[in-house]
Amino acid sequence: MSTAAPFAPFFLGTRLPLIQAPMAGVQGARLAVAVSEAGGLGSLPAAMLSPDQLRTELQALRDDTTKPFNVNFFAHTPPVPDDAREARWRDRLGPYYAEFGIDPTQIKPGPGRAPFSPEIADLVEPFAPPVVSFHFGLPPADLIARVKGWGSKVLGNATTVDEALWLEQHGADAIIAQGWEAGGHRGHFLSHDLTRQPGTFALLPQIVRAVKVPVIAAGGIADVCGIRAALALGASAVQLGTAFLLAEEATTSAHHRAALREPAGRHTAVTNLFTGRPARGIVNRLMREIGPLSEDAPEFPLATAGLAPLRAKVESQGSGEFSSMWAGQNFSAVREAPAATIVAELSVAF
């Protein structure tokens, strides 16, 4: 078994071994602050923020809480644009452009998602986040050294045992074991073979046995029973995202909130249609008609450009049928309440 120490205040500095998952597009600093103030570790998703937006959100975190918080970044390699694949993607979306009156010749490249870089590190360093987490691997060793030099703990996301071992060897202070049930983007980076990614309660004990650093369970954990099961299998902490989607402090859109309230909205699937990279979200018209996974979708994050005007047009009509509505498989604790209330209800598990 692993020699990892159990989660304790001296590790990430929080009262509870509970992390709010960073959820790009449905939250800002306000949710992170609320969770941190309630005793968990609030997280800020930073990969979609401009430098000015990131600076503003980091300042809000520093101004509004004295408790530890996490800032999450991507560590992917930006793809080389493929004109032929982009053309196939636009052709595949052509019938929808026609249906909603969109001129595909006027579609501009999307803003993309920038990986952690020296420039981003320069911006973040004055704020010295207590915890910094990474999705899709880790940035180069010199950047990891910079982050640790601020005093930050580094978390990495693994979907397989091999990824967990790689993260440990490359400087992660703790491993987030992301099971197949988890909402949002899959964190895989060593293999694109989705069949190699097990569910949380199969993955978790294998990673616990394989590494010496603390392991954080993520995916399909949304209530007290799930938390206790993860801890029994050796997790030092848990990370929950879907449970906070309806929190008062979340910025989850009206159509996304409506889908979460409906039984039909609890049908989720892993799809690459919205960004080019597999991510779990609520099944909608686009996913049903094209199929959740398509070889035509450009590499992450280039697929977003072709969908952007279609998404905007349909959302303006009050529908999320062409939008990414990330969510995990377990909706048992999804409810509309202040984040502090959600944390308090979950805290009885510890």
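Why does Arg-85 count as buried? Its relative accessibility is 16%, and Arg-85 therefore falls in the buried class (under 20% relative accessible area; exposed is over 50% and partly exposed lies in between, with a 1.4 Å probe and protein chains only). The structure is a predicted model, in which local features need pLDDT of at least 70 and side-chain atom pairs count only at pLDDT 80 or more, whereas totals for chains, interfaces and linings use all residues. Residues are numbered from 1 along each chain as its sequence is written, and side-chain values use heavy atoms, with hydrogens and water left out.

The pLDDT, which is the predictor's confidence in each residue from 0 to 100, has a mean of 94 over the chain, and 96% of the residues reach 70 or more. Residues 1–10 have pLDDT below 50, and this stretch has 22 contacts in the model beyond near neighbours in sequence (contact means heavy atoms within 4.5 Å).

Arg-85 belongs to helix α4, residues 83–99; helices (H or I, at least four residues) and strands (E, at least two) are DSSP runs numbered from the N terminus. Apart from neighbours within four places in sequence, Arg-85 contacts Glu-295, Asp-296, Ala-297, Pro-298 and Glu-299. With Glu-299 the side chain of Arg-85 makes a polar contact of 3.0 Å. A polar contact is a pair of N or O atoms within 3.5 Å; within protein, one must be able to donate a hydrogen and the other to accept it, and residues adjacent in sequence count only if both atoms are side-chain atoms.

The loop between α4 and α5 (118–124) holds Ile-102, which counts as buried because its relative accessibility is 14%. Ile-102 and Pro-309 lie 207 residues apart along the chain, yet their C-alpha atoms are separated by 7.3 Å. Not counting residues up to four places away in sequence, Ile-102 touches Tyr-97, Pro-309, Leu-310 and Lys-313.

The largest nonpolar core has 76 residues, of which Phe-73 and Phe-244 touch the most other members. Such a core is a set of buried Ala, Val, Leu, Ile, Met, Phe, Trp, Tyr and Cys residues joined through side-chain atoms within 4.5 Å. Helix α2 (residues 29–37) supplies the largest share of this core, six residues. A second, separate core of 22 residues includes Tyr-96, Ile-102, Ile-107 and Leu-310. Beyond four places in sequence, the contacts of Phe-73 include Leu-54, Phe-116, Val-132 and Phe-134.

Strand β5 (residues 153–158) is mostly covered, with five of its six residues buried. Strand β4 (residues 131–135) runs parallel to β5 and is joined to β5 by four bridges (two strands pair if DSSP finds at least two bridges between them). Val-132 stands opposite Val-154 in β5. Together with helix α7 (residues 161–169), β5 and β6 make a right-handed β-α-β unit.

An open, antiparallel sheet of three strands has the order β7-β11-β10. β7 (184–185) and β10 (268–271) each have a single partner strand, so one side of each is left without a neighbour in the sheet. Four bridges join β10 to β11 (residues 279–282), and Val-270 has Arg-280 in β11 as its bridge partner.

Methods:
Right-handed = clockwise from strand over helix to strand, strands pointing away.
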